[in-house]
Amino acid sequence: MYAVVQVRGVVKTNHEIKDALKMLRLHHVNHCVLVPDTPAYLGMIRKVKDFVAYGEVDKDTLATLLRTRGRLTGDEKLTDEYVRAHTPYADIDEFAAALCDGEMSFRDLVEIKPVLRLHPPRKGYKTIKRTFQQGGALGYYGPQINDLLYKMR
């Protein structure tokens, strides 16, 4: 499972990139979505790689994000009680592990919002004009995306 965070805005941008961000449900900077590892999603991510940061999220970071930033319709917080009542899992940690393993998807939990609204990272982005490999904040992070998400929780 990939975590995709929008880092740059889309003013004066190609309509294909805007459409791909819209299909990924990324409408604002510092919003994060979780997408499965499928060829269709990877194609969309590669199209918008100059506007997002992405990488493989681990279950501990995902559980922390769901606890702090997971929201239900009506802007209510995602709780262990809600997960226990609406899924076969006992708490958010087990649900996050199932999401990472591909056993469940976000669509299986009915009222959860698919976008996680994050804070800007503590200490800021390095630069939003270079890739992660060049010392910036864009593109593929790999497992280091967990460090960025931790700073944004």
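Buried means under 20% relative accessible area, exposed over 50%, and partly exposed in between, with a 1.4 Å probe and protein chains only. This is a predicted model, where local features need pLDDT of at least 70, side-chain atom pairs count only at pLDDT 80 or more, and totals for chains, interfaces and linings use all residues. Residues are numbered from 1 along each chain as its sequence is written, and side-chain values use heavy atoms, with hydrogens and water left out.

**View A. Phenylalanine 132 and tyrosine 141 form a stacked pair.** Their ring centres lie 4.1 Å apart, with the planes at 25°. Rings of Phe, Tyr and Trp (its six-membered ring) pair if their centres lie within 6.5 Å; planes under 30 degrees apart count as stacked, over 60 as edge-to-face and the rest as tilted. Phenylalanine 132 is partly exposed, at 23% relative accessible area. Tyrosine 141 is buried, at 8%.

View B. Strands (E, at least two residues) and helices (H or I, at least four) are DSSP runs, numbered from the N terminus. Tyrosine 2 is buried, with a relative accessible area of 10%. Tyrosine 54 also counts as buried, at 10%. Tyr2, Tyr54 and Tyr140 make up one aromatic cluster.

**View D. The largest pocket holds about 300 Å³ of space.** A pocket is an open set of points on a 1 Å grid over the protein atoms alone, where a 1.4 Å probe fits, with protein on both sides within 12 Å along at least five of seven lines; lining residues have an atom within 4 Å of a point. Volume is the space filled by probe spheres set on the points, which are joined across faces, edges and corners. Of the 19 lining residues, Leu34, Pro36, Ser105, Phe106 and Arg107 are the closest to the centre. Strand S2 (31-35) and helix H5 (92-101) are the elements giving two or more residues to this lining.
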